[in-house]
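Let's take a walk through this model together, one piece at a time. Have a look at the picture first, and then we'll start with a question.

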Amino acid sequence: MTETRMTSQAELRKYLRTFRLNAAPTSQASDESRAVVDHIDIAGRRIPRFTNEFWTAKQRQASSLHEVAYRACFKGQLPRFFIRLLSGAGDVIYDPFSGRGTTAIEAALLGRNVIANDINPLSRMLAKPRLRIPRPDDLAERLAQIPVEPSARADIDLAMFYYPKTEAEIVSLKNYLQTRRNDGNEDTLDAWIRMIATNRLTGHSPGFFSVYTLPPNQAVSPESQRKINQKRAQSPDYRDVKQLILRKSKSLLRGISPQQARQLAAIAENARFFTDDARKTRGIPTLPCS
Ligand SMILES: C[S@@+](CC[C@H](N)C(=O)[O-])C[C@H]1O[C@@H](n2cnc3c(N)ncnc32)[C@H](O)[C@@H]1O
């Protein structure tokens, strides 16, 4: 919701009464122009109803930048519809339950300012770095500089998930990122790498670091994973951590133009990401209701 255009429920109702879908012949508007408009009666009032589908299997129609796995995320077209309907360039869009940041990213792509909040700290880790788009060459150079200690292992046994060399690469990367953060040296490239690596830890396909297991951000116990391995007659094979990070990065960035990257960077200057309970977001000032 915006600060400058929608200051009261009355204004919002008035706006919705007079709203007509934008049928401009752009690719983004084409879905919206197919909306069906009819009316329903609520408490004796004739209310316009806009019916359309913004949550289809055609995920790739949204920006590639959204394609970070997260449970129960929606596709970019859904917030896009409401952001375009209810706000203008430079307004502030706030999502109190931001998840992977679909609303925040979409708002930034539309030139809106962004405030995002989610009680899960993973949300900020996944969303914030995508406003600072790295150059693939810089990313490759940074990854090449990160040292790998071949004997590095996690504190607990993860052999049922990872091939030993892969585990060494993951743990070395974790140690590097932790040191950079502790020393106050974490930069946008590090944050990007942390975001991609965290999202590649476990999954279904060879695009993830682990053997076949539950999708990203959903954990099974070592015992359950042993059973999965037994049932599927599988064991972890080598996954090249740095190559997979680069590959996923290129995939996320494939649809982003230099102009969009500049716009995202400009929005990033003032964007704010909180990890509070949405009922107590102390960092966000309460606006007077009119
Ligand atoms: C369905 S997900 C949102 C997904 C998001 N729309 C997207 O597309 O990425 C719901 C989110 O609400 C967050 N959440 C649940 N209760 C919360 C609370 N009390 N305060 C803040 N966030 C909360 C969860 O951590 C979760 O990330």
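How many of the eight residues of helix α4 (residues 102-109) are buried? Before the answer, a few ground rules. What you see is a predicted model, in which local features need pLDDT of at least 70 and side-chain atom pairs count only at pLDDT 80 or more, while totals for chains, interfaces and linings use all residues. Residues are numbered from 1 along each chain as its sequence is written. Helices (H or I, at least four residues) and strands (E, at least two) are DSSP runs, numbered from the N terminus. A residue is buried if 20 or more other C-beta atoms lie within 10 Å of its own, exposed if 12 or fewer, and partly exposed in between, with C-beta atoms placed from the backbone.

So here's the answer: eight of the eight residues of α4 are buried, so this helix is largely enclosed by the rest of the structure. By name, they are T102, T103, A104, I105, E106, A107, A108 and L109. What do they pack against? The buried residues of α4 pack against α3, β3, β4, α5 (121-127) and α11 (258-270), where a contact means that two C-beta atoms, placed from the backbone, lie within 7 Å. Just after α4, G111 takes a positive phi of about 80°.

Now step back for the whole protein. It has eleven helices and five strands, and buried residues make up 29% of its 290 residues. Of the contacts between residues at least 6 apart in sequence, 62% join residues at least 24 apart.

Next, the sheet beside our helix. Three strands form an open sheet in the order β3-β4-β5, with parallel pairing; two strands pair if DSSP finds at least two bridges between them. At the edges stand β3 and β5 (272-274), each with a single partner strand, so one side of each is left without a neighbour in the sheet. Neighbouring strands here are turned by 10° against each other on average, direction ignored; the axes are lines fitted to C-alpha atoms, and angles run from 0 to 180 degrees between N-to-C directions.

Let's follow the bridges. β3 and β4 (residues 113-117) pair in the parallel sense over four bridges. The bridge partner of I93 in β4 is V114, and that of D95 is A116. Three bridges join β4 to β5, again running parallel, and I115 has R272 as its bridge partner in β5.

How covered is β4? Five of its five residues are buried. In a regular strand the side chains alternate between the two faces of the sheet. In β4, N113, I115 and N117 point one way and V114 and A116 the other way, and all are buried.

S87 counts as buried because 22 other C-beta atoms lie within 10 Å. The C-alpha atoms of S87 and L110 are separated by 9.9 Å, though the two are 23 residues apart along the chain.

What about the ligand? 15 residues surround it, and the closest are C73, F97, G99, T102 and A278; a residue is near a molecule if its C-beta atom, placed from the backbone, lies within 6 Å of it. This shell divides into seven nonpolar, five polar and three charged residues. Here Ala, Val, Leu, Ile, Met, Phe, Trp, Tyr, Cys and Pro count as nonpolar, Asp, Glu, Lys and Arg as charged, and the others, Gly among them, as polar.

Finally, a few loops. A43, between β1 (36-42) and β2 (45-51), has a positive phi of about 50° although it is not a glycine. A43 counts as exposed because it has 5 C-beta neighbours inside 10 Å. A72, in the loop between β2 and α3, also has a positive phi, near 60°. With 7 C-beta neighbours inside 10 Å, A72 is exposed. H204 sits in the loop between α8 (188-200) and α9 (222-232), and is partly exposed, with 13 other C-beta atoms within 10 Å. Leaving aside its neighbours within four places in sequence, H204 is in contact with Y212 and P215.
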